[in-house]
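Student: I am new to this structure and would like a close look at a single part of it. Please take me through that part step by step.

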Amino acid sequence: MKILVIEDEIRLAAYLQKGLSEEGYVVEVAHNGVDGLHLAMEGQCDLVILDGMLPALDGLSLLTALRHTKSIPVLMLTARGRVEDRVQGLRAGADDYLVKPFAFSELVARIEVLLRRHHPLSAPAVHLLVMGDLELDLLRRKASRGGQRLDLTAKEFKLLALLLRRQGEVLSRTEIAEQVWDANFDHGTNVIDVAIRRLRNKLDGPYPTQLLHTARGVGYVLEERAQ
């Protein structure tokens with residue numbers, strides 16, 4: 001599923017892009033109304049997150065123009081909490097409304113509801129990452145292998161989600177640090193190696209087929225290899 005975020009606050013847009021990507025969505029960002037309308041009209045997206053206050057073209061005008069030709073679900077964000085503002089947005093064609101500041105978990109829940117409503121058959125697949133007998137349910141925050149639950153910490157879950165999304169690709173320690181810890185670790189530390197070792201013990205320890213492999217001097221890769 002692809003989400004278009006139209007938000008002029010750079011930090012909030014980056015936060016939404018990162019967080020929603022971690023939830024399994026493909027995310028595209030526009031920082032003004034003109035670019036946002038162009039992407040919404042010409043591109044292929046399954047849902048739009050639309051800020052009400054935008055430069056070049058405000059959110060309500062964008063929404064009105066979009067509704068002439070598109071029925072994409074739209075979730076509006078705004079700093080205005082008045083009932084009149086919410087009613088105006090809904091009457092302009094918004095499917096849902098969320099007032100800033102908001103909890104990210106509530107945003108995700110509202111997105112899930114809208115996608116289920118508009119894409120009842122395909123929406124659930126967003127939340128399931130699979131490789132062989134390994135499954136990661138992003139919605140329920142559960143991991144299992146061979147039908148057996150894997151007891152993962154929050155960081156281990158995030159690390160496994162990254163490896164599953166990029167299965168077959170060798171990820172460097174630097175990239176793992178940036179994606180999972182939001183940091184650049186000193187190359188002299190072994191934080192990444194320790195985390196990988198702990199995850200490997202839970203993921204591969206009880207099973208004859210190993211999935212998490214080391215690319216010596218480069219990084220790590222999650223893939224099924226012929227025995």
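What volume does the largest pocket have?

Tutor: The volume of the largest pocket is about 280 Å³. This is a predicted model, in which local features need pLDDT of at least 70 and side-chain atom pairs count only at pLDDT 80 or more, while totals for chains, interfaces and linings use all residues. Residues are numbered from 1 along each chain as its sequence is written, and side-chain values use heavy atoms, with hydrogens and water left out.

A pocket is defined on a 1 Å grid over the protein atoms alone, as an open set of points where a 1.4 Å probe fits, with protein on both sides within 12 Å along at least five of seven lines; lining residues have an atom within 4 Å of a point. The volume is the space filled by probe spheres set on the points, which are joined across faces, edges and corners.

There are 16 residues in the lining of the largest pocket, and Lys-18, Ser-21, Glu-22, Lys-158 and Arg-165 lie nearest its centre. Two or more lining residues come from each of α1, α6 (154–165) and α7 (173–181); helices here are DSSP runs (H or I, at least four residues), numbered from the N terminus. The largest share, five residues, is given by α6.

By class, the lining has seven charged residues (Asp, Glu, Lys and Arg), six nonpolar ones (Ala, Val, Leu, Ile, Met, Phe, Trp, Tyr, Cys and Pro) and three polar ones (the others, Gly among them).

Helix α1 spans residues 10–22 and also holds Tyr-15. At 45% relative accessibility, Tyr-15 counts as partly exposed, a class between buried (under 20%) and exposed (over 50%), with a 1.4 Å probe and protein chains only.
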